[in-house]
Amino acid sequence: MPVEKARAVVIRAVPFGETSAVVTLHTREFGKLRALAKGAWRPKSAFDGALDLLSVCQVLVLRKSGGGLDLVTEACLERRFRVATCLAAVYGGLYVAELLDALTADADPQPELFDAADATLARLSGHRGPAAAVWPRVVGFELSALHAAGQAPALVRCAECGAEPPPAPRMSFGMLDGGLLCAACRRGRRAVVSVSAGALAALRTLAPARRRADAPDPDPALEGEVRAVMNTLLAHVLGRRSRLGSRLVHPPARPRRTESPPAP
Ligand SMILES: [Zn+2]
């Protein structure tokens, strides 16, 4: 069996025996695979932290046929995911791993999705705030992952008839239909929410087909609404609510009191 080289993101790592690990890797070359890393967690292991959760690494993998676990024979760390002061960035990184696992099948390479995950983790790693800079990265990755899974939401045309609905302050968004609905198609549908023009514009800006590297981030005030739309949409796609999804909205800053309350 040939040993093959790949770039990988570690999306899950569970102990196996005392010092070994079974890792789930999303590789650029082979897609998702599960592999045994013998002695990965031994002190002074040759893997040297390369197989920690959310690390990006180069691996040598012995591919097993017939459904057995692959074997990681070497792993060389490219970039560790660093936890800094921003909790939202850490949850965002874990959420990237969750979506890579949930939205991809084994051995189905998607290099563009790997590159999106790699770039998103690089931006979130070591992030020291502001937390408001995190959600556009996370939503951008969600839209990339949905696009790769063939489930990108319709953000410009009606998901049902393909007509372009006229601009309006609020538009109908069908969770079961996968995006915008025109007035004619909206009738009688279930699981339809009303999305503001601002939130829709933010989603369009962050979608992979339209994203420009130099585009400014959307208005931070839109975070709550955009997050609610994405959490509901992902829940329909995944068939369950992500435990991390609800943690991705950072608590809004409390208004600072500038004067003391009047004396009674
Ligand atoms: Zn329509």
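A charge is said to sit over a ring when NZ of Lys or CZ of Arg is within 6 Å of the ring centre and within 35 degrees of the ring normal. Keep that in mind for the first of these close-ups, which come from a predicted model.

**View 1. Arginine 63 meets the ring of phenylalanine 30.** Here you can look for the charged end of arginine 63, which sits over the ring of phenylalanine 30 at 4.9 Å from the ring's centre. If you also go looking for aromatic pairs, the count for the structure is 0.

**View 2. Strand S1 pairs with S2 and with S4.** As a reminder, strands of a sheet pair through backbone hydrogen bonds, either parallel or antiparallel. S1 covers residues 3–16, and its pairing with S4 (residues 56–62) is antiparallel, over 7 bridges. To find your place, look for alanine 6, which stands opposite valine 59 in S4. S1 also pairs with S2 (residues 20–27) in the antiparallel sense, this time over 8 bridges. A handy landmark here is arginine 12, opposite threonine 24 in S2. S1 and S2 form a hairpin with 3 residues between the strands, and glycine 17 there takes a positive phi near 70°.

**View 3. S3 and S5 run parallel.** Strand S5 spans residues 70–79 and is joined to S3 by 2 bridges. Alanine 35 is the residue to look for, standing opposite aspartate 70 in S5.

View 4. A polar atom of the lysine 32 side chain lies 2.9 Å from the backbone oxygen of threonine 104. Beyond its neighbours within four places in sequence, lysine 32 is in contact with several residues, including Ile11, Thr24, His26, Leu100, Asp101, Thr104, Asp106 and Asp108.

**View 5. Valine 138 is buried in helix H3.** You will find valine 138 in helix H3, where it counts as buried at 3% relative accessibility. Leaving aside neighbours within four places in sequence, valine 138 is in contact with Gly92, Tyr95, Leu124, Arg227 and Leu248. Leucine 62 is 76 residues from valine 138 in sequence, and their C-alpha atoms are 33 Å apart in space.

**View 6. Cysteine 161 touches two other cysteines.** This residue is found in the loop between helix H3 (134–148) and strand S6 (170–174). Not counting residues up to four places away in sequence, cysteine 161 touches Cys182 and Cys185. Cysteine 161 and cysteine 185 are 24 residues apart along the chain, with their C-alpha atoms separated by 7.3 Å. How exposed is cysteine 161? Cysteine 161 is partly exposed, with a relative accessible area of 46%.

Methods. Residues numbered from 1 in each chain as written. Predicted model: local features only at pLDDT ≥ 70, side-chain atom pairs only at ≥ 80, totals over all residues. Heavy atoms only, no water. Pairing = 2+ DSSP bridges. Helix = DSSP H or I, 4+ residues; strand = E, 2+ residues; numbered from the N terminus. Buried < 20%, exposed > 50% of the residue type's maximum accessible area, 1.4 Å probe, protein only. Contact = heavy atoms within 4.5 Å. Phe/Tyr/Trp six-rings, centres within 6.5 Å; stacked < 30°, edge-to-face > 60°. Polar contact = N/O pair within 3.5 Å; in protein donor to acceptor, adjacent residues only side chain to side chain.
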